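Reader: I am new to reading models like this. Please take me through one part of it closely.

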Amino acid sequence: MLRLPEFEFLEPSSLEEAVKMHESATEEVAYVAGGTDLFPNMKRRHQEPQTVISLGAIEELSTAPEEVEIDRRRFVTIGANVSLTDVSGNQLVQTLCPALAKAAESVSTPALKNMGTIGGNLCLDTRCNYYNQSFEWRRSIDFCMKKDGDICWVAPNSPRCWAVNSSDTAPVMIALGADFVLMGRGGEQIVPAAEFYNDDGIAYLNKGPSDILTQIRVPITPGSGATYLKLRRRGSFDFPVLGVAVWIRWNNKIVDDARIVLGAVASYPRIIPEAATAIIGTDLDDDSIEAAAAAAFRPSKPMDNTDLGLAWRKQMTKVYVRRALHELRAQTD
Amino acid sequence: MAKLRVTLRVNGEEREALIEPQATLLEVLREDLELTGTKHGCELGECGACTVLIDGTPVISCLALGRACQEKDIRTVEGMADPEPHALQTAFAELGAAQCGYCTPGFLLTAEALLEEKSEPTRDDIKDALAGNLCRCTGYIKIYEAVELAAARMRGENAQPTQEAIYGQQ
């Protein structure tokens with residue numbers, strides 16, 4: 001049996017209490033929400049917190065999606081502990097942020113989506129073929145720098161870790177221009193999704209260790225459209241080996257603004273401004289779509305540390321960006 | 001670490017157990033409550049063999065802490081026969097929707113949750129609902145057919161397995 005190691009389990013009932021518990025821990029500590037990322041990692045000893053702080057009893061984290069006005073802008077807000085099933089199945093999310101519903105729906109499997117939360121998927125540990133293995137497997141290669149070792153087996157001469165951000169919802173949040181609300185020892189702060197991720201397989205989240213992602217705010221932009229396409233081996237279970245999130249704002253059938261974000265090709269969701277530039281000011285004709293696909297192809301640099309061949313995955317960037325843009329164009333016809 | 005006393009409501013029955021504090025629900029069910037109908041497969045959430053229902057919703061018991069499942073309704077395959085086999089169990093048996101049977105409890109419970117929500121699911125509804133359960137023996141066709149057969153019977157229809165489902169194409 002793959003068993004969890006021993007740990008102290010704490011169940012705070014408020015955010016303040018949770019942060020205090022995290023701050024006062026003397027050894028390694030982790031927050032847990034759905035457990036579908038942390039517990040497999042703990043079973044394989046990727047993560048070995050002596051203390052696990054459950055966020056499950058903090059009621060305000062479970063606030064269902066709602067439409068609110070903040071500073072004269074309209075948002076859909078979602079509590080970080082809302083399950084992926086409840087995000088993808090929520091009517092408000094489906095109507096106002098269909099790309100997010102689609103991305104949440106594409107995560108793993110139905111039962112895992114019943115357990116896993118939107119906050120957990122946004123904070124998903126980065127993944128790598130040399131890391132997501134049993135303790136014995138990793139010991140046989142003398143471990144890697146992400147856990148217990150010194151070397152990155154994907155790029156042995158590299159000083160950094162190249163584990164991959166494999167979240168489906170993170171690229172969409174960045175494309176939609178969402179904000180994340182964090183609670184930490186300094187109180188509440190609001191971080192744009194685009195600034196929440198680092199290009200580093202180890203320090204992949206740009207937040208303090210005790211900061212808790214509490215709420216997601218997705219702006220509602222009139223006249224905009226977005227989508228998410230996911231490449232993987234199977235139609236279920238698998239993490240993305242490529243995710244393409246595209247957001248477009250239209251003005252009289254001309255692309256007024258756009259964001260194109262690639263998932264699973266780097267340690268962070270990769271924003272491709274040059275691909276967006278290729279379509280802004282156009283009516284999304286075939287030529288501009290091809291230019292955007294070509295622009296996204298160049299900086300898409302998947303590493304050989306997930307499923308499927310990396311040359312093919314890179315090629316598919318072009319195909320998926322093209323498909324996503326055609327889908328958005330068809331929505332306006 | 002000292003053991004922890006928990007009370008779990010499994011198949012409508014209050015059960016007390018002294019468990020390892022870090023034990024998963026799967027371990028508690030199998031090892032402390034001796035309910036071995038729930039199977040352990042990958043133990044990482046990648047197969048669905050350990051699926052149980054918590055408050056009617058399918059969850060992966062190898063990734064849930066036993067202690068965190070108190071005050072919830074837990075349903076395992078042992079609770080399905082009451083005492084007669086559930087319509088799904090009968091249909092699975094009639095149609096040969098199990099070969100080695102290891103994945104079957106997970107399939108049965110996931111299908112039960114689906115039928116609770118949708119009495120007349122389409123083939124795609126069934127495929128979507130069962131997309132997190134792996135079977136490495138039968139393929140999935142017989143499983144889909146068994147869920148459809150059980151659904152029809154649960155709606156009160158006098159449904160029988162088709163000749164093709166049992167004997168293949170003639």
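In which strand of chain A does A:Glu8 lie?

Author: A:Glu8 lies in strand 1 of chain A, residues 8–10. Helices (H or I, at least four residues) and strands (E, at least two) are DSSP runs, numbered from the N terminus. This is a predicted model, in which local features need pLDDT of at least 70, side-chain atom pairs count only at pLDDT 80 or more, and totals for chains, interfaces and linings use all residues. Residues are numbered from 1 along each chain as its sequence is written, while chains are lettered from A and ligands numbered from 1 in the order in which they are written.

Now the surroundings of A:Glu8. A:Glu8 counts as partly exposed because it has 16 C-beta neighbours inside 10 Å. The cut-offs are these: 20 or more other C-beta atoms within 10 Å of a residue's own make it buried, 12 or fewer make it exposed, and partly exposed is in between; C-beta atoms are placed from the backbone.

Which residues does A:Glu8 touch? Leaving aside neighbours within four places in sequence, A:Glu8 is in contact with A:Gln50 and A:Thr51. Contact means that the C-beta atoms of two residues, placed from the backbone, lie within 7 Å. A:Ile53 is 45 residues from A:Glu8 along the chain. Their C-alpha atoms are separated by 8.3 Å.

For contrast, take A:Ser108. A:Ser108 sits in the loop between helix 5 (98–105) and helix 6 of chain A. With 23 C-beta neighbours inside 10 Å, A:Ser108 counts as buried. Its phi is positive, about 40°, although A:Ser108 is not a glycine. Most residues other than glycine have a negative phi.
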